[in-house]
Amino acid sequence: MKETYCNAMDKLYWVSIWVAGLAMTVMTVVIPIQVVSRKWFNEGLSWPEPTALVCMIIFTFIGAAASYRAGSHIAVSMLTDRLPEKGQVACRYIVEALMGVIALFIIVYGGDRVMFFVGTGQSLPDFPKLAVYWTYLPIPAGSLITLFFVVESILFGSQHHRPIVQIGK
């Protein structure tokens with residue numbers, strides 16, 4: 001079961017880093033388009049800013065999940081490094097449990113926001129065919145991915161040593 005779950009999480013991690021990377025790339029392309037349009041043509045375009053905002057939301061929540069699995073998130077370990085081995089293990093499980101609680105909270109609250117906007121039927125002013133809930137969907141989706149990675153870490157330990165996570169190191 002361990003290998004099956006970890007392999008599935010490898011695939012999810014791979015998709016997450018590609019989605020986050022693509023969002024960052026699109027954001028990096030559309031912001032200069034807006035700058036050039038305003039500076040050289042004296043006309044601001046309506047679509048680059050909302051596009052960059054949606055890309056930033058995707059990058060933040062999906063990228064954070066991938067970062068968590070890779071162990072490259074911000075972690076303050078000054079206190080835990082000075083604890084005995086049993087204390088470090090206990091703190092690791094406490095942190096994982098708290099991460100799970102936070103992920104669940106964001107899934108529930110973010111999912112509530114998505115469902116609220118599904119009910120309103122609102123669309124983005126600059127993209128009339130794009131419903132507002134699509135801009136909120138990466139929040140609970142990224143948190144669900146984070147929760148999958150938290151479960152993996154609790155059951156099988158940190159996976160930052162796996163080959164797929166070591167790409168570029």
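I started with the largest nonpolar core, which has 13 residues, and Tyr13, Ile145, Phe149 and Val165 have the most contacts inside it. Here a core is a set of buried Ala, Val, Leu, Ile, Met, Phe, Trp, Tyr and Cys residues joined through side-chain atoms within 4.5 Å, and buried means under 20% relative accessible area (1.4 Å probe, protein chains only). Two or more of its residues come from each of α1 (2-41), α2 and α5; α2 gives the largest share, five residues. Helices are DSSP runs (H or I, at least four residues), numbered from the N terminus.

A note on the source: this is a predicted model, where local features need pLDDT of at least 70 and side-chain atom pairs count only at pLDDT 80 or more, while totals for chains, interfaces and linings use all residues. Residues are numbered from 1 along each chain, and side-chain values use heavy atoms, without hydrogens and water.

Next I checked Phe149. Leaving out residues up to four places away in sequence, Phe149 touches Met9, Leu12, Tyr13, Ala65, Ala66, Tyr68 and Arg69 (contact: heavy atoms within 4.5 Å).

I also found a second, separate core of five residues, Ala23, Val30, Ala52 and Cys55 among them.

Then I looked at pockets. A pocket is an open set of points on a 1 Å grid where a 1.4 Å probe fits, with protein on both sides within 12 Å along at least five of seven lines; lining residues have an atom within 4 Å of a point. The largest pocket has 25 lining residues, and His73, Ala75, Arg92, Val95 and Glu96 lie nearest its centre. I noted that α3 supplies the largest share of that lining, eight residues.

Notes: Buried means under 20% relative accessible area, exposed over 50%, partly exposed in between (1.4 Å probe, protein chains only).
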